[in-house]
Amino acid sequence: MSGINTVAIIGAGQMGSGIAQTVAGGGYEVKLYDTAEGRAVFALGEIAASLARRVERGVMTHVQAQETLGHIKVCDTLAATVSQADMVIEAVLEDETVKKQVWADIVPHLAPHTLLASNTSSISITRLAAETDRPERFIGLHFMKPAPVMRLVEIVRGIATSASTYDAAVIFAESVGKQTTASEDFPAFIVNRILVPMMNEAIYTLYEGVGTVTSIDTAMKLGANHPMGPLELADFMGLDVALAIMNVLHEGLADSKYRPCPLLVKYVEAGWLGRKSGRGFYDYSGETPVPTR
């Protein structure tokens, strides 16, 4: 992509590390930062393991894996991460208050030419852009999970996003091997506007006793040809993330059909967040996931 060589990624969780691997695999220099001490270093180890698995499967060569890893540098401070970056991608917690604070912290350290992108899966790009000094150079780049595997990047324009920023975002996403779809800036955009309410309805189906975890997931896999059942998928996404998206839809569209299922709320309150916590609609403590209801 013309003019972009260095990409700063803020947030080294599952999405941030996956995006870092993807962008580095496209030949860009990546600077990775997380406020949690040691998280970015840990993420680098996860990326190395992910690349090793891809080599074992014959998806890439050992040399390609080493080159990709060599493009990623862990940084200790926010200023060092973003000051020389041509693009900044924010991939922190799916919480509007947190994201706005991150952008407020980033802006004083930016070069004038830097493009800005959020990996938010549901939050208004227009509102996030308003926290910066360049809303016309701000866009949503919603990578799907897991970022190195999933082919789509959903590109979301805020009300102030310029045509040149959108064009640059498309070129960038394609340069790292992704296909793009354009979405206007409405709550949860396209993918999660459709997908997460389906998960929420599946949770209601469980909550109301219409079916068990196994019967619901089996019904959708065999009856609708879905590769994963909706409860399995919710666990994979993270139940806290699913709840956050449902809250954005419910509050943003003021429609009762987007009310989060009380069972989803209860699971999140219990800390049962799915795969990442070891328990959700399945128990992941053993070698094979076991339905919990």
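Let me start with helix H8 (191–207), which gives the most to the lining of the largest pocket, namely five residues. Before I go on, please keep in mind that this is a predicted model, in which local features need pLDDT of at least 70 and side-chain atom pairs count only at pLDDT 80 or more, while totals for chains, interfaces and linings use all residues. Residues are numbered from 1 along each chain as its sequence is written, and side-chain values use heavy atoms, with hydrogens and water left out.

A pocket here is an open set of points on a 1 Å grid over the protein atoms alone, where a 1.4 Å probe fits and protein lies on both sides within 12 Å along at least five of seven lines, and a lining residue has an atom within 4 Å of a point. The helices (H or I, at least four residues) and strands (E, at least two) are DSSP runs, numbered from the N terminus.

The largest pocket holds about 1,200 Å³ of space, a volume being the space filled by probe spheres set on the points, which are joined across faces, edges and corners. It has 46 lining residues, and those closest to its centre are Met15, Ser121, Lys145, Met237 and Val241.

Let us now look at H2 itself, which has 18 residues and reaches 26 Å from its first C-alpha to its last, close to the 26 Å expected at 1.5 Å a residue, where the expected span is 1.5 Å times one less than the number of residues. Its buried residues (under 20% relative accessible area, with a 1.4 Å probe and protein chains only) are Ala40, Ala43, Ile47, Ser50, Leu51 and Arg54. Seen down the axis of H2, these fall within an arc of 100°, so they line one face of the helix, the arc being that of the directions from the helix axis to the C-beta atoms. On the other side of H2, Val41 and Glu56 are exposed, that is, over 50%.

The buried residues of H2 pack against H1, strand E2 (29–33), helix H3 (62–70) and strand E3 (72–74), with contact meaning heavy atoms within 4.5 Å. Finally, Gly58 follows H2 and has a positive phi, near 80°.
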